[in-house]
Amino acid sequence: MEASTREGYTYAIYKHLMPEFGGMRMVDILPEHVRAWIAKLKNQGMKPVTIQCNKIILSAIFTTALDDQVTYLHPCRGVKSPPIARKPLQIVTPEQFDDVYNALPEGTFRLLAETEIESGLRWGELSELRPRDLNLKTRILTVSRTVVELNPKFHPEGGHFLVKDYPKDKEYRRFKLSAQMTEKLEEHIRAARLTRDDLFFHMPPQDKPRARITEIPDPETLGRTEPNEKGRTYNHGTLSGYTAGHCRCDYCRGAFSLYRAARRANGKDNPRPLRTRMTDGHIPNDWFRRNIWNPAIAAAGLDFRPTMRDLRHAHASWLLNGGADLQIVKERLGHASIATTERYLHTLPDADETALEALARTRSRSSTR
């Protein structure tokens with residue numbers, strides 16, 4: 001089992017399965033108990049896809065128990081989980097990508113986003129990319145590794161990032177990049193003086209502490225927080241705004257920070273060392289999303305919030321919309337099934353224009369008679 005899979009299964013088992021079934025003998029768990037559990041999760045507001053994932057884990061446990069003759073009944077068989085509605089993909093258009101691209105900080109992060117839209121790599125493949133993976137003469141990119149971020153207790157060596165010598169589906173894949181993309185990556189190698197084994201995209205230094213507010217203006221002049229779950233609001237820049245109002249604006253965070261600093265100065269709390277993100281150079285997905293990507297999305301003024309994964313979707317959609325062969329797109333993205341690739345057909349807003357023009361030509365034949 002992959003380390004990332006083990007981490008996800010462990011969380012799901014102790015978060016959702018053990019509270020319900022941990023105190024029962026396996027032979028006593030019946031389909032009616034599984035149905036009641038699924039109904040309970042649904043009533044708690046859990047998404048159908050999450051319910052299905054948890055049911056799959058429970059089913060796998062009982063399949064093994066049945067094979068080992070620990071139990072003689074599989075309580076998950078015949079039990080249905082809520083249907084999952086497949087939403088249509090909302091694809092980033094070239095114009096929208098340009099807006100986001102221009103809102104990103106100049107330099108490495110713009111190059112990272114452009115590499116993603118030009119290659120369609122998964123995040124783990126993109127953040128593990130190194131100069132040795134790109135043949136500058138042939139422009140062929142070889143995807144032979146991926147990296148996952150783990151809780152240290154699931155890492156074989158207690159680290160945070162685990163590099164695997166194969167990507168998803170355990171197959172290498174090779175495809176060609178455009179000439180302009182290859183030139184930009186080659187220039188980046190020269191400018192950053194990267195060796196063959198360096199990361200293309202490196203986590204920037206995080207040794208500067210976050211700027212903190214040292215003085216809070218009169219809270220009466222800062223307005224009120226949004227209503228909490230009880231409908232109550234509080235002044236910004238107060239402890240109540242931070243704790244009861246759950247507000248995380250700079251003023252409320254500053255008020256709480258000053259309160260904690262005063263307690264530490266009076267010896268009531270132990271001083272806390274500066275917290276920095278432990279990384280071996282790989283860029284954490286959540287750090288990039290919060291600090292780089294989301295601010296760029298907000299500055300671009302898009303009417304939806306695409307993710308870096310959506311750039312992978314856009315890569316496939318743009319290729320197919322431009323007339324690329326379906327099998328070639330499947331191989332570029334590393335899909336196990338061509339049915340997955342087919343999802344990206346006709347996903348751009350103007351994808352049906354060709355069909356509508358053909359329909360109009362056919363209908364116009366009657367008016368020419």
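Contact means that heavy atoms lie within 4.5 Å. The structure used in these exercises is a predicted model, in which local features need pLDDT of at least 70, side-chain atom pairs count only at pLDDT 80 or more, and totals for chains, interfaces and linings use all residues. Residues are numbered from 1 along each chain as its sequence is written, and side-chain values use heavy atoms, with hydrogens and water left out.

**Exercise 1. The whole protein**

Task: State how many helices and strands the protein has, what share of its residues is buried, and what share of its contacts with a separation of 6 or more comes from residues 24 or more positions apart.

Solution: 
- Step 1. Helices (H or I, at least four residues) and strands (E, at least two) are DSSP runs, numbered from the N terminus. The protein has 14 helices and 5 strands.
- Step 2. Buried means under 20% relative accessible area, exposed over 50%, and partly exposed in between, with a 1.4 Å probe and protein chains only. Of the 369 residues, 37% count as buried.
- Step 3. Among contacts with a separation of 6 or more, 58% are between residues 24 or more positions apart.

**Exercise 2. Helix α11**

Task: Compare the span of α11 with the expected value, and list its buried residues.

Solution: 
- Step 1. The expected span of a helix is 1.5 Å times one less than its number of residues.
- Step 2. Helix α11 covers residues 308-321, which is 14 residues. From first C-alpha to last it reaches 20 Å, close to the expected 20 Å.
- Step 3. Of the 14 residues in α11, 10 are buried, and the helix is mostly covered. The buried residues are M308, D310, L311, R312, H313, A314, H315, A316, S317 and L320.
- Step 4. Just after α11, G323 has a positive phi of about 100 degrees.

**Exercise 3. The open sheet**

Task: Give the strand order of the open sheet, and explain why one side of β1 and of β5 has no neighbour in the sheet.

Solution: 
- Step 1. Two strands pair if DSSP finds at least two bridges between them. The open sheet has 3 strands in the order β1-β2-β5, with antiparallel pairing.
- Step 2. Strands β1 (134-135) and β5 (173-176) stand at the edges and each have a single partner strand, so one side of each is left without a neighbour in the sheet.
- Step 3. Strand β2 (residues 140-143) is joined to β5 by 4 bridges, and the two run antiparallel. L141 stands opposite F175 in β5.
- Step 4. R139 is in the loop between β1 and β2. R139 is not a glycine, yet its phi is positive, near 65 degrees. At 27% relative accessibility, R139 counts as partly exposed.

**Exercise 4. Cysteines**

Solution: 
- Step 1. C249 counts as partly exposed at 22% relative accessibility, whereas C76 counts as buried at 3%.

**Exercise 5. The surroundings of G241**

Task: Is G241 buried or exposed, and which residues does G241 touch?

Solution: 
- Step 1. G241 is in helix α8 (residues 239-243).
- Step 2. At 0% relative accessibility, G241 counts as buried.
- Step 3. Not counting residues up to four places away in sequence, G241 touches T225, Y234, N235, H246, C247 and C252.
- Step 4. G241 and R224 are 17 residues apart along the chain, and their C-alpha atoms are separated by 8.2 Å.
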